[in-house]
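Hello,

Here is the structure I promised to send over. Please open it alongside this note; my findings follow below.

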Amino acid sequence: MPVFRLLIAAFAATACGFAAVAQERLGLSDVIAQCAACHGADGIAKSADVPHLAGQQELYLFNQIKAFRSGKRPHKEMRYMSRQLSDAEMQEISHFYAAMRR
Ligand code: HEC
């Protein structure tokens, strides 16, 4: 029965949409956990080729993440990491790291 199938498909698509939105909403701490893999849970990077973020100027951090997202500051991993961040999320993340003590 094609109409029935169509309804199921529409319902499934809507449910997925909701799930995606829900994930995005609670996602900030998950995102920061991903950043921590390279930049450290305390904002201090373990690897010598990764910059520390803890205690850095908030506006500077925001501008850098934005530049990574747009590609103005070219960097493969950072472009990938910032690609889905909204301005508001970048602001929150910048605030989070700027408030950390070194
Ligand atoms: C795969 C490792 C990796 C991950 C994951 C990662 N970064 Fe980075 N990040 C780097 C490296 C390496 C650089 C230095 C880039 C360069 O050389 O230009 C950097 C640079 C930065 C800078 C610029 C710092 C400065 O002093 O100029 C900011 C801000 C930043 N990352 C934030 C984040 C945020 C926020 C996340 C999570 C969304 C994140 N990073 C995830 C590796 C990573």
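The largest pocket is lined by 26 residues. Nearest its centre lie His39, Pro51, Leu53, Phe68 and Met78. Helix 2, helix 3, helix 4 and helix 5 (87–98) each give two or more residues to that lining. Bear in mind that this is a predicted model.

The volume of the largest pocket is about 620 Å³. By class, its lining has 16 nonpolar, seven polar and three charged residues.

Where is the ligand? The ligand sits in this largest pocket. Around the ligand there are 19 residues. The closest are Cys35, Cys38, His39, Tyr60 and Met78.

Which helices build the shell around the ligand? Helix 2 (28–39), helix 3 (58–70) and helix 4 (76–82) each supply at least two of its residues. Twelve residues of the shell are nonpolar, four are polar and three are charged.

- His39: an N or O atom of its side chain is 2.8 Å from a nitrogen atom of the ligand.
- Tyr60: an N or O atom of its side chain is 2.5 Å from an oxygen atom of the ligand.
- Arg73: a polar side-chain atom lies 2.8 Å from an oxygen atom of the ligand.

His39 and Tyr60 are also listed among the residues closest to the ligand.

Best wishes

Methods
Residues are numbered from 1 along each chain as its sequence is written. This is a predicted model: local features need pLDDT of at least 70, side-chain atom pairs count only at pLDDT 80 or more; totals for chains, interfaces and linings use all residues. Side-chain values use heavy atoms; hydrogens and water are left out. A residue is near a molecule or strand if one of its heavy atoms lies within 4 Å of it. A polar contact is a pair of N or O atoms within 3.5 Å; within protein, one must be able to donate a hydrogen and the other to accept it, and residues adjacent in sequence count only if both atoms are side-chain atoms. On a 1 Å grid over the protein atoms alone, a cavity is a set of points where a 1.4 Å probe fits but cannot get out, and a pocket is an open set with protein on both sides within 12 Å along at least five of seven lines; lining residues have an atom within 4 Å of a point. A molecule sits in a cavity or pocket if more than half of its atoms lie within 2 Å of its grid points. Helices (H or I, at least four residues) and strands (E, at least two) are DSSP runs, numbered from the N terminus. Ala, Val, Leu, Ile, Met, Phe, Trp, Tyr, Cys and Pro count as nonpolar, Asp, Glu, Lys and Arg as charged, and the others, Gly among them, as polar. Grid points are joined across faces, edges and corners, and a volume is the space filled by probe spheres set on the points.
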